[in-house]
Amino acid sequence: MSLPLRALLWDMDGTLVDSEPVHRRSFVDAARSCGLALPEDFHDGLIGKSEDAIHAILVSDHGLQADFATWSERRFAAYLARIEEVQPFALATDLWARAEAAGLDQAIVSNSPEGILQANLTRLGLAPGSVVTVSRNDVARGKPHPDPYLLALSRLGVLATAAAVIEDSSAGLAAAQAAGIATYMMPWFEGEKGDWAPFADLQVLLSKV
């Protein structure tokens, strides 16, 4: 950032909410409803990928016959059936509250489809329309492309140099960097050290806002 911090752009899954276990189980549940058996760890190597990208992998590598619309309907139903298992990360939501109190703009930028994003918003206690969001449905290309973060900046009316991104996946990190935004990674991110900073650094930075 070369300008004073004005906005935080948050990833949702694995960043604001502990939803990855639910995503993993819902993929297995949805595949079973389509007559396909997936290993329990199927989703582990796909964290951060968009729904359409994962559907393409299911078709090419696992023999899924369902089209994207049918798959999306089954997956959304399977996820909603487990929505009570999704829990907010206190580490993130505490910082969200601090940023809100400091008067920073905030947005949630997710690779999930709109329905799942809105379900997770409810788990966070945020009313629909109360926060700027970008879902996979809003852009032609999802993460790791910069499109979702560029759209969020546009919707907030904030320059990339005055914003910071909080992420947990390699795809999200690549998207944020391609958009030219300073990026902070959650403590559980396992990628190699590069042009990003740990979440703790953002906590320190926010204390000076």
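**Reading the terms on a predicted model**

Student: Why is Gln65 counted as exposed?

Tutor: Exposed means over 50% relative accessible area, buried under 20%, and partly exposed lies in between (1.4 Å probe, protein chains only). Gln65 has 74% relative accessibility, so it counts as exposed. Gln65 sits in the loop between H2 (51-62) and H3 (68-81). Its C-alpha atom is 8.9 Å from that of Leu36, 29 residues away along the chain.

Student: How do you know which strands pair in the open sheet?

Tutor: Two strands pair if DSSP finds at least two bridges between them. Strands S1 (residues 7-10) and S4 are joined by four bridges, and S4 and S5 (residues 132-134) by three, so both cases meet the cut-off of at least two. Both pairs run parallel. Within them, Leu8 is opposite Gln106 of S4, and Val109 has Val134 of S5 as its bridge partner. The open sheet has six strands in the order S5-S4-S1-S6-S7-S8, paired in parallel. S5 and S8 are its edge strands, each pairing on one side only.

Student: What makes the unit of S4, H5 and S5 right-handed?

Tutor: A crossover is right-handed if, with the strands pointing away from the viewer, the path from the first strand over the helix to the second runs clockwise. S4, H5 (residues 114-123) and S5 form a β-α-β unit of that hand. S4 itself (residues 105-109) is mostly covered, with four of its five residues buried.

Student: Why are the buried residues of H8 placed on the same side?

Tutor: Phe199, Leu202 and Leu206 are buried in H8 (residues 199-206). They cover an arc of only 55 degrees around the axis, which puts them on the same side of H8. The arc is that of the directions from the helix axis to the C-beta atoms. The buried residues of H8 pack against S1, H4 (90-101), S6 (163-167), S7 (182-185) and S8 (197-198), where contact means heavy atoms within 4.5 Å.

Student: Which elements do the buried residues of H6 pack against?

Tutor: They pack against S1, S4, S5, S6 and H7 (170-178). The buried residues of H6 (residues 147-156) include Asp147, Tyr149 and Leu156.

Student: How do you know that the radius of gyration agrees with a compact globule?

Tutor: The radius is taken over C-alpha atoms, and the globule rule is 2.2 Å times the number of residues to the power 0.38. For 209 residues a compact globule would be near 17 Å, and the chain has 17 Å, so the two agree. Buried residues make up 48% of the 209.

Technical notes: Residues numbered from 1 in each chain as written. Predicted model: local features only at pLDDT ≥ 70, side-chain atom pairs only at ≥ 80, totals over all residues. Heavy atoms only, no water. Helix = DSSP H or I, 4+ residues; strand = E, 2+ residues; numbered from the N terminus.
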